[in-house]
Amino acid sequence: VHAADRVRKRHAASVDAFDSAPFEPIGRVAGPHGPVSFVRAGAARRPAAGLAGPVPMVTCYPGIAADVFDGALGDARGIVVDGFGDLNLPRSLWMPVHAAWNAGVLVVVASPAFTPGIGDDDLRALGAVGAGGLPAQKARLAVMAALATTSDRDAAVSFVHQYALEFDAGDRSTTP
């Protein structure tokens with residue numbers, strides 16, 4: 001049993017297609033029919049009342065042009081950018097991201113790799129916030145819920161950040 005905000009489909013046809021790595025499962029099912037035992041309770045989350053749209057998602061790639069971001073954004077109130085590595089964006093997107101933030105748009109940067117950050121000086125200077133470890137697709141849902149249930153961008157940022165994932169690597173040694 002995996003936490004909904006952490007689970008990812010890793011294989012299209014496998015019987016164990018879902019995983020939450022680098023996180024541990026939150027529970028186990030004993031046998032084919034039976035009972036579920038929870039290892040730990042999930043953190044309490046504020047439920048979303050609905051989803052606002054549109055919230056476009058832009059996936060970065062080498063050579064991406066600024067007009068890709070601008071074209072995807074349109075008149076949306078929020079956008080998710082699937083960046084590189086540790087929440088890095090190509091230089092070509094710096095100005096459009098900054099302009100969008102200055103126009104009141106909620107800009108959230110996610111990463112394909114687990115990156116627990118929700119904000120640092122570089123992102124704040126750029127005019128964006130980190131997705132807190134959420135992959136881009138889940139960050140997009142969080143932004144949609146935030147925009148549907150909050151009245152301003154600061155409240156929407158707080159809403160998104162309440163879903164930030166905490167990763168405790170623990171002891172991952174392979175020696176007995």
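Buried here means under 20% relative accessible area, exposed over 50%, and partly exposed in between, with a 1.4 Å probe and protein chains only. This is a predicted model, where local features need pLDDT of at least 70, side-chain atom pairs count only at pLDDT 80 or more, and totals for chains, interfaces and linings use all residues. Residues are numbered from 1 along each chain as its sequence is written, and side-chain values use heavy atoms, leaving out hydrogens and water.

F159 is buried, at a relative accessible area of 2%, and Y163 is buried too, at 16%. Rings of Phe, Tyr and Trp (its six-membered ring) pair if their centres lie within 6.5 Å; planes under 30 degrees apart are stacked, over 60 edge-to-face, and the rest tilted. That rule gives one aromatic pair. The ring centres of F159 and Y163 are 5.5 Å apart and the planes sit at 45°, so this pair is tilted.

Now for the core. A nonpolar core is a set of buried Ala, Val, Leu, Ile, Met, Phe, Trp, Tyr and Cys residues joined through side-chain atoms within 4.5 Å. The largest one has 44 residues, and F69, V80 and V108 are among those with the most contacts inside it. Helices (H or I, at least four residues) and strands (E, at least two) are DSSP runs numbered from the N terminus; α4 (136-149) is one of the elements giving two or more residues to this core, and its eight residues are the largest share.

Contact means heavy atoms within 4.5 Å. Setting aside neighbours within four places in sequence, V108 touches residues including I79, V80, A139 and V143.
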